Amino acid sequence: MNSASVLMQKLVFVAELASSAVLYVLLLLSVISIGVIIERWWFFRRRRVDVDALSDELRRLLAKKDVAAARKALIASPSVEAAIILEALDWYDEGPDAVEQILVRAVRSRRRRFEAGLLFLGTLGNNAPFIGLFGTVLGIVTAFRELGTAQMGAMGNVMSGISEALISTAVGILVALPAVIFYNVFQKKGADVEEQAGALGNVVLASMKSDKQGPNGAHPREPEVVPVKSTAHAERAETARRPEAEA
């Protein structure tokens, strides 16, 4: 027996063990996937916010220049959007440009919070069918090996082994479907958080910019300074005119 035959026998033995292990791996990944889905669902559910109501309240409070009350309203909200705007309000006295920059930074720093777990779901959704297909290939290799050594009466057992091997592909697709679905759902929710935070930030910026403009949207004009002549200057001008009159 040459080395190639020995190697093939070892590989077939590994395939027999791995074909069953693939199913356990898929089941483990499925449990982790369900746990991530439940955790993400609970995360977004606890942080839901009525953006329209919060926007109206911010507009009303900032119109009164009551920044402290606006901070309290944001602290009372558990949403990620409120936390972003609250951080931006700490720079309220620095002007609109500073607030706008802080809004961008706050969204970027909190993105990993509402995108946590999405990398796992996306990776699992893309690769679970291939893991199942790998298990199917290993199962078919094992079945054909038995086909080469079995008697004709054992053909039913060989076909049963092939059908069992195909279960790995079905399980892989079954694991991938919810991962892909909820990956898209949570990605959309993360995009909504960024969009709503931007809308609330626009309310703050609009309020700050309106404070620096007049009632018609134009910058208020500074009063013109009219030069006032002093009494001494008036007397010198009068003295200069007298010789001309006498002449």
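**View 1. Ser 55 is in contact with Leu 200 and Val 203, leaving aside its neighbours within four places in sequence.** The model is predicted. Ser 55 sits in helix 2, which runs over residues 51-63. Its relative accessible area is 11%. Ser 55 is therefore buried, as the cut-off for that class is under 20%.

**View 2. Helix 3 has a buried face.** Helix 3 spans residues 67-75, and its buried residues are Val 67, Ala 70, Ala 73 and Leu 74. Viewed down the helix axis, these residues fall within an arc of 115 degrees, so they line one face of helix 3. An α-helix has 3.6 residues a turn, so residues three or four places apart point the same way. Lys 72 and Ile 75 are exposed on the other side of helix 3. The cover over the buried residues of helix 3 includes helix 2 and helix 4, the latter made of residues 80-89.

**View 3. Lys 65 has a positive phi.** Lys 65 belongs to the loop between helix 2 and helix 3. Its phi is about 60 degrees, although Lys 65 is not a glycine. Most residues other than glycine have a negative phi. The relative accessible area of Lys 65 is 47%, so Lys 65 is partly exposed.

**View 4. Trp 41 and Trp 42 form a tilted aromatic pair.** Four aromatic pairs turn up in a search of the whole structure. In the pair of Trp 41 and Trp 42, the ring centres are 6.2 Å apart. The ring planes meet at 40 degrees, so this pair is tilted. Trp 41 has 45% relative accessibility and counts as partly exposed. Trp 42, at 46% relative accessibility, also counts as partly exposed.

**View 5. Phe 43 and Phe 44 make an edge-to-face aromatic pair.** The distance between the ring centres of Phe 43 and Phe 44 is 5.3 Å. The angle between their planes is 85 degrees. Both Phe 43 and Phe 44 are buried. Together with Phe 182 and Phe 186, they form one aromatic cluster. Arg 40 lies over the face of Phe 43, at 4.3 Å from the ring centre.

**View 6. Ser 79 is a buried loop residue.** Ser 79 is found in the loop between helix 3 and helix 4. Its relative accessibility is 2%, so Ser 79 counts as buried. Leaving aside neighbours within four places in sequence, Ser 79 is in contact with Arg 47 and Val 49. Ser 79 and Val 51 are 28 residues apart in sequence. In space, their C-alpha atoms are 9.8 Å apart.

**View 7. Helix 4 packs with helix 5.** Two packed helices are described by the angle between their axes and the distance between the axes. For helix 4 and helix 5 (residues 96-114), the angle is about 145 degrees. The axes of helix 4 and helix 5 are 8 Å apart. Helix 4 passes helix 5 in a right-handed crossing. From helix 4, the contact is made by Val 80, Ala 83, Ile 84, Ile 85, Glu 87 and Ala 88. From helix 5, the contact residues are Val 99, Ile 102, Leu 103, Arg 105, Ala 106, Val 107, Arg 110 and Phe 114.

Terms used: Residues are numbered from 1 along each chain as its sequence is written. This is a predicted model: local features need pLDDT of at least 70, side-chain atom pairs count only at pLDDT 80 or more; totals for chains, interfaces and linings use all residues. Side-chain values use heavy atoms; hydrogens and water are left out. Helices (H or I, at least four residues) and strands (E, at least two) are DSSP runs, numbered from the N terminus. Buried means under 20% relative accessible area, exposed over 50%, partly exposed in between (1.4 Å probe, protein chains only). Contact means heavy atoms within 4.5 Å. The arc is that of the directions from the helix axis to the C-beta atoms. Rings of Phe, Tyr and Trp (its six-membered ring) pair if their centres lie within 6.5 Å; planes under 30 degrees apart count as stacked, over 60 as edge-to-face and the rest as tilted. A charge sits over a ring if NZ of Lys or CZ of Arg is within 6 Å of the ring centre and within 35 degrees of the ring normal. Axes are lines fitted to C-alpha atoms, for helices over the stretch in contact, and angles run from 0 to 180 degrees between N-to-C directions. A crossing is left-handed if the near helix is turned anticlockwise from the far one by less than a right angle, and right-handed if clockwise.
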